[in-house]
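Hello,

Here is the structure I promised to pass on. Please open it first, then read my notes below.

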Amino acid sequence: SQQGEEDPQALSIQEGENATMNCSYKTSINNLQWYRQNSGRGLVHLILIRSNEREKHSGRLRVTLDTSKKSSSLLITASRAADTASYFCATERSGGSNYKLTFGKGTLLTVNP
Amino acid sequence: GAGVSQSPSNKVTEKGKDVELRCDPISGHTALYWYRQSLGQGLEFLIYFQGNSAPDKSGLPSDRFSAERTGGSVSTLTIQRTQQEDSAVYLCASSLVYATGELFFGEGSRLTVL
């Protein structure tokens with residue numbers, strides 16, 4: 001089963017608006033990562049937030065992590081048409097064999113010019 | 001090369017044929033991962049390598065799937081007697097060290113089984 005579940009499945013906004021995507025997960029984690037995938041391409045790493053961090057910024061991206069609620073959010077501010085892509089959260093479980101990231105099904109973001 | 005390279009980028013095959021998918025990771029990356037992505041779905045973990053060894057193969061969907069890695073570099077994912085449900089994009093990723101930090105993905109190999 002998927003460790004991470006993104007919400008919403010699809011999001012359509014106008015250029016200049018902010019986009020917020022959410023991710024929920026089930027187990028304790030070491031870190032949570034967000035990736036972006038343009039149609040027909042591989043995934044590109046955006047940002048990593050560790051379990052002892054609550055918020056992190058990178059350019060127009062803001063990620064929050066609430067370990068008590070087992071949830072994270074990705075905010076893209078002042079969106080651009082080029083931000084159109086699928087966004088995935090991925091979690092690295094704590095304890096045991098930390099050899100893989102477990103991905104959700106993604107949020108498809110469409111930014112209309 | 002500068003990034004993770006996968007070949008072929010597209011493969012169309014007939015049901016029952018064997019296919020080999022190749023991944024060339026970033027030089028110096030010790031960890032290598034294979035994922036499968038079906039249309040509109042998330043990524044399904046298949047297998048990872050630390051060096052040439054694959055400590056856990058439990059993500060492979062069936063015994064028709066196998067993978068190897070040689071010289072701590074190139075990896076090959078082999079699917080024998082392909083079935084239509086094997087149709088998907090097979091993504092390879094590498095990371096500098098085991099089990100931490102970001103993964104660097106290739107562009108994927110799109111497999112279509114007719």
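**Where the two chains meet**

E107(B) and R41(A) form a salt bridge, with their closest N and O atoms 2.3 Å apart. Please keep in mind that this is a predicted model. The rule finds 1 salt bridge across the interface of chain A and chain B. Polar contacts were counted too. There are 5 residue pairs in polar contact between chain A and chain B, both residues being at pLDDT 80 or more.

Which strands of chain A each supply at least two residues of the side that touches chain B? They are strand 4 (29–37), strand 5 (43–50) and strand 9 (85–93). Sorted by class, that side of chain A has 7 nonpolar, 7 polar and 4 charged residues.

Now the whole interface. In chain A, 18 residues are in contact with 19 residues of chain B. The area buried between the two chains is about 1700 Å². Carbon and sulfur atoms give 50% of that area.

**The aromatic rings**

Next, the rings. A pair of aromatic rings is described by two things: the distance of the centres and the angle of the planes. Over all chains, the count comes to 7 aromatic pairs.

Take F103(A) and Y35(B). Their ring centres are 5.3 Å apart. Their planes stand at 85°, which is over 60 degrees, so the pair is edge-to-face. This pair crosses between chains. F103(A) lies in strand 10 (residues 102–103) of chain A, and Y35(B) lies in strand 4 (residues 31–37) of chain B.

Are these two residues buried or exposed? F103(A) has a relative accessible area of 1%, so F103(A) is buried. Y35(B) has a relative accessible area of 0%, so Y35(B) is buried as well. The cut-off for buried is under 20%.

F103(A) also pairs with F105(B). Here the ring centres are 6.0 Å apart and the planes are at 80°, so this pair is edge-to-face too. Again the pair crosses between chains, from strand 10 of chain A to strand 9 (residues 104–105) of chain B. F105(B) is buried, because its relative accessible area is 10%.

Which residues form one aromatic cluster? Chain A gives Y35(A) and F103(A). Chain B gives Y35(B), F45(B) and F105(B). Start from F103(A), in strand 10 of chain A, and go across to Y35(B) in strand 4 of chain B. Then look for F105(B), in strand 9 of chain B.

Best wishes

Conventions: Residues numbered from 1 in each chain as written. Chains lettered and ligands numbered in written order. Predicted model: local features only at pLDDT ≥ 70, side-chain atom pairs only at ≥ 80, totals over all residues. Heavy atoms only, no water. Contact = heavy atoms within 4.5 Å. Buried area = accessible area lost by both parts, 1.4 Å probe. Salt bridge = Lys/Arg side-chain N within 4 Å of Asp/Glu carboxyl O. Polar contact = N/O pair within 3.5 Å; in protein donor to acceptor, adjacent residues only side chain to side chain. Helix = DSSP H or I, 4+ residues; strand = E, 2+ residues; numbered from the N terminus. Nonpolar A, V, L, I, M, F, W, Y, C, P; charged D, E, K, R; others polar. Phe/Tyr/Trp six-rings, centres within 6.5 Å; stacked < 30°, edge-to-face > 60°. Buried < 20%, exposed > 50% of the residue type's maximum accessible area, 1.4 Å probe, protein only.
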